[in-house]
Amino acid sequence: MRYMYQKNPAISKGIDWVMVWLYAILVCIGILCIFSVEFRSSDNLTQTFLGFKKNYSKQLYFFAACSVLAIFILLTDSKLFTAMANLSYLVGILLIIATFVVGKEIKGSRSWIPLGFMNLQPVELCKIFTALALSKYLSQQETDFRRPKSQLIAAAIAFTPAMFSLLQGETGLALVYFSFLIAMYREGLPPGYLIAGASLAVLLVATLLLKPIHLVIAFSAIAGGIIFFSWRRIRRNYALLVFVLLGWAFCVGFVQFAVPFIFKHVLKGYQADRIFSMVGKSNPYADEKTVQLNQVDEKAKKKKEEAQDYNVKQSKIAIGSGGFAGKGFLKGTQTQGDFVPEQHTDFIFTSVGENFGFWGTSILMLLYLFLLLRIVRIAERQRSTFSRVYAYSVAGIIFFHVSVNICVTIGLAPVIGITLPLMSYGGSSLLTFTILLFILIKLDADRQMVLR
Amino acid sequence: MPVFNQSRKNVIMLVFIGMFVVILLQLMNLQLFSPNYRIQAEDQGTFRKVIYPDRGIVFDRTGKAILQNTVIYDLMVIPGKIKGTDTATLCSILGIDTAEFHKRIITAIIKNKSYRASIFEPLLTNERMAKLNEIMYKLAPGYYLQERSVRDYPFDAGGNIFGYLGEVDSNVLKNPQYQGYVMGDYIGKAGLERTYEKVLMGQRGIEFWKRDKFNRLTDRLENGKFDTAAVAGQNMYTSIDIELQALGEKLMENKLGSIVAVDPKTGGILCMVSSPTYKPKLLTGAERKKHFAELLLSPARPLFNRSVSATYSPGSTFKTLQALVGLHEGVITTDFRVSCGGAFYGCGGGKPMRCLDVGTFDLRNAIRMSDNTYFATVMQRVINNPVYPSQDSSLSKWDQYMYAFGLGHKLGIDVPSEKPGLIPTPALYDKMHGKGRWNYCTYRSVSIGQGEVDVTPIQVANEMAYIANKGWYRIPHLVDSIEGGDTFGMLEKFKEKHSAVDIPDSVFEVVHDGMQAVVDGGTGAGARVSGIRICGKTGTVENYFRGVKQPNHAFFCGFAPRDNPKIAIMCVVENSGRFGGTYAAPIVGLMIEKYLNDTIAANRQAVVEKFANMNLIPSRIYTEMKTLDSMLHAKDSAYLLAKGYIRLIKDTMDVDASDEEEALDQIKIDKEGIKKGKPVKDSGDRKFTIKTEAILPDQKKKTELKDSLNN
């Protein structure tokens, strides 16, 4: 293989073959998993593979198409990516907006554009454009990422598509855009922001989940504990005491007054409902009238929740029943029996768990970890900021996808519709990750160039 | 500037690694330390399909299959796939209208969902099967035919012998002997099917299947690696002569009673008729439960195997045994004579035991004329024999003789529900009258087979085999051999000869003389068959039902031919009135003729018809039937009474049944449907339909016959 490419040094020069191999291996594992989920012993193998009827044969064709695209990307000039970054971002945003007009509804979300041979999800593709645009902005010489203004602009670039995605009801895809924080962090985003943001998120979720009075008691206990244990330092510096008390006052105020105020007066009823429904609760701040109106809604919601519970339960059964060694390829009774819904897309990991057991899942996890660490290594050897930011963006996106998807299947996270990179069935997803990775490989091949 | 943040690379890498460690820990927890998931997966993802082997076939003594398996087809439907099929033709073949069609489809969908198969029409008749087969290609894939194995009775006789199959009930499931049976399995519930369940049922096979979330079986698990094949049940060869059995059932039609015939040499049972009986085909197929309840509720008790479960006073048939005891004890000789002046006066006062023929008898003639006084005297001599110090010991000695003759205890025959009968012991009389407050005269009627003595028909037949063999018998049994060997050792006990007391042949010769005289020119002349030397003994048994005297039971027992006995037989006709010689003897004669000559002479066919058409069922049975019928028609309280009645029957009859109450409900619903003029669901002419005549004819018929008999 290698020899063949070396005949044409213009393409193969500087390419990180480890990345290419990792890519190919993961896609192949994915096709095998889809095959193991869908193949029945009564099927005619050649017919179904050539027939473009079954999902595994479709995925094979997607892979072939993506390979061609990958070669095209490797043939382009790296400068093109910097040049196109802002433009593509604009096109991406426009495409997302276009879905509101010409969008096709698939599985309850109107975020798809039908192309005839496949359905395209712009939010999915927009990850690439956002990564490029963010890299472009951060690599500009006039950008000083220490200044809040730059930080705000960067955040705006990263989160605009997420906002649209939220409006379309694709919470999972919107959350992916938070993964750009990893790249921003690497570029100097003060960790205080992340910590504060994370704390605020925890506080918010806790407010939604627990009763305010319990939280107040908890905060008081924590504050009391801090004062008690650092009494000596406080005696030396009373400002510390003031700081702790201010923190306590803020938390209590947030829980007791700010949140109810926001839910009652700032947000509209349905918005509040939607937020609460995300954590699986009904809105306690709703008016009597709306409660009655929502009762029908409530039933439908409950049904949906039960369905999600069922998904996770079945997924856990399938993975858990694999044991250490697994049941063997094509011998999984759960995946073959169609027990896990969406098992060829979002829950593809279950087939690995059932057929190949713990050693199979751990090897797959190590492959993904190796891929991520490899990307970090590639990122750090870039001379240009553009390439580095882009590499970290890719690492962040893949990390978010892999960890959230697998956490969902093993019951560590609530059900969020998000694919397993390179393995889940679906042309849109495979295309996105192929482009993401091969742009990175191309940039890395040209790492001697300084791109702006 | 960003170069200064290079150390943040490590933080990011740590976050990555940390997340993956968390995931790996959870995977470890799920896959290595949670065996529960594996069990749950097996529960929902695999299916153990039990493959039922064919039950063993039963042959008669000539090698004819008398109990076998047959395949009947059910028409199955998958409601989700019937769009566009020719419903009209199907309806016309099955004889249903569109409304009924829709009802059945909806029921199927409710029961089994639209993507799973349900039974549309069970147990198709051959005719419908043929018609359906022609258009089956048009009905596919929404409909298909599914075969089902059911028990088949080529001669449709011997219901009481074979027994029937029924679903296992909770009692069976609790019994460790029947380990491996699950709810819904069929098991032999009576007769041979029950006794030889282990032999007949074979070994079940198991197939492991994968199934999907709709509970559909998709594929064999690992290509059948874990499957075990089913082994068919063993075939059994019996001593039954099915033609003799059929003749016996015919002769006993419309009578209560029993005929049992035994091959004295082997102990093999040639026929075992219990009347009224039922056509065994009634208890297979779709309407099994309904028929079962009807049979169970019938006051004539057709499910009750009288041959082994009914006990009667033996009456005069008991006298031959007294002769044996007397001769062997030496209290009489063959020349011993007793004269009867009208009654037995050996006890002085009290109610006299009358004899029918006045005169002086020796042993031979006493047997011939069934002289009461003679045998009362013989037994008196046995009991009052000075060799024995007390009444207790002499009665115990007498008991030993009776036990040796096969009375007073269960013989160990291979159909269930055998009763031990009753032979009076000193302990019994102590209990009845007080210790020392009884003597021979207290129970003198025992000597002529009345009073505290009960026997079952099978015991009497066995007693005849004992006399025919001159002193031994083998336990009567139905099954001679089992194909492939008697794995469970169930036939061992039938090989042993039983001869507890040693009585010389000469003694038997005298008794045989007397018994031959009975047929040649005594009370049992009705049994005579030209060309065959038959030995026999009549019996006429007084009996009471709830304290009210009923017409006598007619008894006849015997064996033939005298020189080389091939058949020992007994017949009892309950409440026939008159004497044993009137009804029972001719029936026995016909049976012997059929068995020994293989056919019944042309000039005697009319006798067969005459007896077959005779109705001797006592009127109280008809009264009870009426009561029961009105009970079923009446309101709920009476209906509940009927339910209690079923439990009562179950207890008294030792019938092992579980689902008849449900069937009773069905009967009630059907009957109410008729009463209120509701359209009764006509499901076409099912393969098995029951008519009242299957059990009992109308009473009208009976009176007519009685008249003709009197003429």
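Visitor: Which helices of chain A do the buried residues of H8(A) pack against?
Guide: This is a predicted model. The buried residues of H8(A) include Ala154(A), Ile157(A), Phe164(A) and Ser165(A). Their packing partners in chain A are helix H6 (78-102), helix H7 (122-139), helix H9 (171-176) and helix H10 (180-186).

Visitor: At which residue of H8(A) does a kink lie?
Guide: H8(A) contains the proline Pro161(A), and a kink of about 40° comes shortly before this proline. Pro161(A) is itself one of the buried residues of H8(A). The kink lies at Phe159(A).

Visitor: Which residue with a positive phi follows H8(A)?
Guide: Helix H8 of chain A takes in residues 148-167. After H8(A) comes a glycine with a phi near 85°, and this glycine is Gly169(A).

Visitor: Is Tyr137(A) buried or exposed?
Guide: Tyr137(A) belongs to helix H7 of chain A. A residue counts as buried when 20 or more other C-beta atoms lie within 10 Å of its own. Tyr137(A) has 21 other C-beta atoms within 10 Å, so Tyr137(A) is buried.

Visitor: Which residues does Tyr137(A) touch, not counting those up to four places away in sequence?
Guide: Helix H7 of chain A, where Tyr137(A) is found, is among the elements packed against by the buried residues of H8(A). Ala154(A) and Ile157(A) are two of those buried residues. With residues up to four places away in sequence set aside, Tyr137(A) touches Ala154(A), Ile157(A), Ile153(A) and Thr143(A).

Visitor: How far apart in space are Tyr137(A) and Thr385(A), C-alpha to C-alpha?
Guide: In sequence, 248 residues separate Tyr137(A) from Thr385(A). In chain A as a whole, residues 24 or more positions apart account for 69% of the contacts with a separation of 6 or more. From C-alpha to C-alpha, Tyr137(A) and Thr385(A) are apart by 10.0 Å.

Visitor: Which element gives the most residues to the side of chain B that touches chain A?
Guide: The contact takes 41 residues from chain A and 34 residues from chain B. On the side of chain B, the elements giving two or more residues are helix H1 (8-32), helix H2 (35-45), strand S8 (205-211) and strand S9 (217-220). By class, this side has 16 nonpolar, nine polar and nine charged residues. The element that gives the most, with 16 residues, is H1(B).

Visitor: Why is strand S20 of chain B largely enclosed by the rest of the structure?
Guide: On one side of S20(B), Ile567(B), Ile569(B), Cys571(B) and Val573(B) are buried, and on the other Ala568(B), Met570(B) and Val572(B) are buried. In a regular strand the side chains alternate between the two faces of the sheet. S20(B) is largely enclosed because its buried residues number seven of the seven.

Visitor: How many bridges pair strand S19 of chain B with S20(B)?
Guide: A hairpin through six residues joins S19(B) to S20(B). In S20(B), Ile569(B) is the bridge partner of Gly558(B). S20(B) is also joined in the antiparallel sense to strand S11 (residues 257-262) by six bridges. For S19(B) and S20(B), which are antiparallel as well, the number of bridges is seven.

Visitor: Which helices of chain B do the buried residues of H16(B) pack against?
Guide: H16 covers residues 391-404 of chain B and reaches 20 Å from its first C-alpha to its last. Among its buried residues are Leu395(B), Trp398(B) and Tyr401(B). The buried residues of H16(B) pack against helix H13 (319-329), helix H15 (372-383) and helix H17 (426-433).

Conventions: Residues numbered from 1 in each chain as written. Chains lettered and ligands numbered in written order. Predicted model: local features only at pLDDT ≥ 70, side-chain atom pairs only at ≥ 80, totals over all residues. Contact = placed C-beta atoms within 7 Å. Helix = DSSP H or I, 4+ residues; strand = E, 2+ residues; numbered from the N terminus. Nonpolar A, V, L, I, M, F, W, Y, C, P; charged D, E, K, R; others polar. Expected span 1.5 Å × (residues − 1). Bend = angle between axes of the 7 residues up to and from the residue. Buried ≥ 20, exposed ≤ 12 C-beta atoms within 10 Å, placed from the backbone. Pairing = 2+ DSSP bridges.
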